[in-house]
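Here are some questions and answers on how the inside of this protein is packed, for reading beside the model.

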Amino acid sequence: MKIKRNNVFLLFILIFVLFTNTMKVNAVNTGFKTNHLPSEEKKLIISNINILTIDKEPPKKTITCFDVNSNQLIAIGQNTSNRKTICIYSNEGVFQYGYTFNCSGDFGVEWDNENLNIYFVRSSVIVSISPNGEVLDVFEIQNTIENNSYVNHFIHSTKRTIGGTEYFIENNLGILNLLVPSYSQITVKEVTGIEHIIYDVNQMQFANIIGTISLICVFALVAIAVVFWQFIKLRRGNQSD
């Protein structure tokens with residue numbers, strides 16, 4: 001009887017160890033307060049976003065979000081179409097790897113050691129992925145004041161500090177900075193005070209703004225010309241009467 005009890009006790013210990021080890025493997029560190037999701041809902045989310053890895057650097061785009069981890073790897077969320085892109089760069093601006101995924105709204109990024117958490121704003125979920133693109137877990141983000149504060153003060157922050165080195169996302173467009181919702185440069189400020197740009201699409205950002213302004217001006221001129229022509233026609237009609 002004593003032997004059976006010992007066997008049961010050992011079995012319980014084994015199950016406990018396996019369970020806790022599994023929990024450690026799947027544990028996700030995030031600044032958000034989260035809720036667990038049913039497995040079927042997780043599968044649906046994973047299927048819909050369809051995360052794929054990329055090993056070649058795509059054309060650089062403007063920056064919507066970024067984060068830097070303790071190894072000074074920089075995750076850059078790029079301003080693309082519905083198929084979003086996140087590229088990982090070294091602190092010298094050398095492309096390492098990246099991801100593409102489906103997302104119809106805004107998103108943010110957050111490092112969890114070597115893994116990356118993607119925050120989907122519209123669906124209020126966070127997806128944890130490994131460097132090779134494996135989805136580790138999916139959580140629902142609670143609707144709390146603390147989470148809103150975390151988004152505003154961290155996810156949307158334009159500055160990160162790692163070991164005394166500061167990283168900034170910014171624009172260099174003068175007064176036109178007020179017209180753009182994304183960023184075009186990443187500047188690194190070393191502990192020594194030396195600054196250098198490691199990611200720069202400022203010229204492309206400027207060209208896009210000028211193109212947009214030009215289209216607006218053309219549309220406005222056409223509208224004014226149509227109104228003026230209608231006014232002239234109306235005036236001629238009145239004079240003929």
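Q: In H2, which residues are buried?
A: This is a predicted model, in which local features need pLDDT of at least 70, side-chain atom pairs count only at pLDDT 80 or more, and totals for chains, interfaces and linings use all residues. Residues are numbered from 1 along each chain as its sequence is written, and side-chain values use heavy atoms, with hydrogens and water left out. Helices (H or I, at least four residues) and strands (E, at least two) are DSSP runs numbered from the N terminus, and buried means under 20% relative accessible area, exposed over 50%, with a 1.4 Å probe and protein chains only. In H2, the buried residues are Lys42, Ile45 and Ile49.

Q: Within what arc do the buried residues of H2 fall, seen down its axis?
A: An α-helix has 3.6 residues a turn, so residues three or four places apart point the same way. On the other side of H2, Glu40, Lys43, Leu44 and Ser47 are exposed. The buried residues line one face of the helix, because the arc, taken from the directions from the helix axis to the C-beta atoms, is 65°.

Q: Which strands do the buried residues of H2 pack against?
A: Packing here rests on contact, meaning heavy atoms within 4.5 Å. By that criterion, the partners of the buried H2 residues are S5, S6, S8, S9 and strand S10 (135–141).

Q: What relative accessibility does Thr85 have?
A: Thr85 lies in strand S5, and its contacts beyond four places in sequence include Ile54, Tyr99 and Phe107. Thr85 counts as buried because its relative accessibility is 9%.
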